[in-house]
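Please look through the sequence and the 3D structure shown here. A short briefing on the fold follows.

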Amino acid sequence: MATEFFADVPDRIRYAGLSSTDPFSFKVYDPDRMVLGKRMEDQLRIAVCLWHSFNWPGTDVFGSGTFDRPWLNDRDPMQGARDKLAAAFEFLEKLGTPFFCFHDRDVAPEGRTFVETRANLEAITDDIEHRMQRSGKRLLWGTANLFSHPRYAAGAATNPDPDVFAYAAAQVKLMLEVTHRLGGANYVLWGGREGYETLLNTDLAREEQQLARFLALVAEHKARIGFTGTLLLEPKPQEPTKHQYDYDTATVSGFLERHGLADEYRVNIEGNHATLAGHSFQHEVATALALGTFGSIDINRGDPQNGWDTDQFPNSVDELALPMYEIFRAGGFTTGGFNFDTKLRRQSLARDDLFHAHIGGIDTLARGLLVAAEMIEDGELQRRREERYAGWSGALGRAILDGDRSLADLAEAVERDGLDPRAVSGRQELLENVVNQRIWSVGEDA
Ligand code: XUL
Ligand code: CO
């Protein structure tokens, strides 16, 4: 595919401000604008995903692909893989954002044997390396697809057959090495089939041990090859299986502690996985930050009307302001970033729809960042939260937390000092008004 694939799209999407009527421009995302002491581009660390955007034909459970992705139908799958890369890098360069993410199977086809599969991936990795050098694009994370092939129907690490465990190990070893070679900032493991369809045939205790062993082996190999990126687990409660073990951030964090893996892994939180688990996106982010496991974000949203993993592009500043407040209040990303694990709607089949979707999502993130920065810099929410806990800095609070008071001591103090604490207002509506005021006012000076 020698010609441009997105020929109707300008060479570069640029910042043009809120008054611009050009659909191929950013209205808020201004890479060089300084926010909280860093360039906006360096705060947001935006990545494009190669699976939904370049390797998915627009199928749904009732219908075949609607998208115009000619490389997926190439009779020579390696040629198709190369054409796909050409289109993906053209997209990345025109969009102008710094990162991308991919699974092994997004970029290179399976061969008839593992040896052939490995050779395919290694050959395509040469191409990727070359394109990265030329374009300056960087890899936010790599991952292995341990869920599409029928061999993984009953799980990868948690499969009842150790041969499948071994096959998955071979695939992750290779993809971890590829990620290392390409200078990836992180490596992700999403346990899409690490779960069960029925407890009738499932040994939960055994599968937990298998998963822990697998993750320990990955951490060991990371050290062996000298990969310094972060290992990330991506929680998701269900879909494709009825129940997945990496249910949510709290579950994953407990699992890591239980198996001595807490120093090795962080979480990659996805907005729509949070809501599938019955949580808010803010809850998942705040929990990871509180438990010390925050790593990176797959940015997307669900649809409140149906509740499954629709992977839609983010478009609501109201929804993003608070998760972003949590992230940047804690200092922002280290190796992580915002990866667009997002799908076009099946009818969005014009080539440039992929641009409009990303432009809108990136502008929404940029605006969310400005709102978060405002809330952090004016400090009102933080001040009010600290005031709420002020008692814990007093003599009694400190003595309790330092372990200097027994239950009996406390009972005695209540009687001796005549303690009679009264409820105080949680001020929820006032706090909600503070947030809305920031959301409404940030656009005023933009
Ligand atoms: C699935 C999902 C995956 C992971 C990578 O819901 O989010 O795309 O991000 O395997
Ligand atoms: Co994801």
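How many bridges join strand 5 to strand 6? Three bridges join strand 5 (residues 46-49) to strand 6 (residues 99-103), and the two run parallel. The model is predicted: local features need pLDDT of at least 70, side-chain atom pairs count only at pLDDT 80 or more, and totals for chains, interfaces and linings use all residues. Residues are numbered from 1 along each chain as its sequence is written, and side-chain values use heavy atoms, without hydrogens and water.

**Barrel**
- Val-48 stands opposite Phe-100 in strand 6.
- Strands 5-6-7-8-10-12-13-14 form a closed barrel of eight strands with parallel pairing.
- Strands (E, at least two residues) and helices (H or I, at least four) are DSSP runs numbered from the N terminus, and two strands pair if DSSP finds at least two bridges between them.

**Cores**
- A nonpolar core is a set of buried (under 20% relative accessible area, 1.4 Å probe, protein chains only) Ala, Val, Leu, Ile, Met, Phe, Trp, Tyr and Cys residues joined through side-chain atoms within 4.5 Å.
- The largest nonpolar core has 107 residues, and Leu-44 and Phe-338 have the most contacts inside it.
- Helix 12 (residues 353-378) gives the largest share of this core, 13 residues.
- This core lies between domain 1 (14-378) and domain 2 (383-441), because both give residues to it; the domain bounds come from an automatic or database domain assignment.
- A second, separate core of nine residues includes Phe-99, Cys-101, Leu-140 and Leu-232.

Notes: Chains are lettered from A and ligands numbered from 1 in the order in which they are written. Buried means under 20% relative accessible area, exposed over 50%, partly exposed in between (1.4 Å probe, protein chains only).
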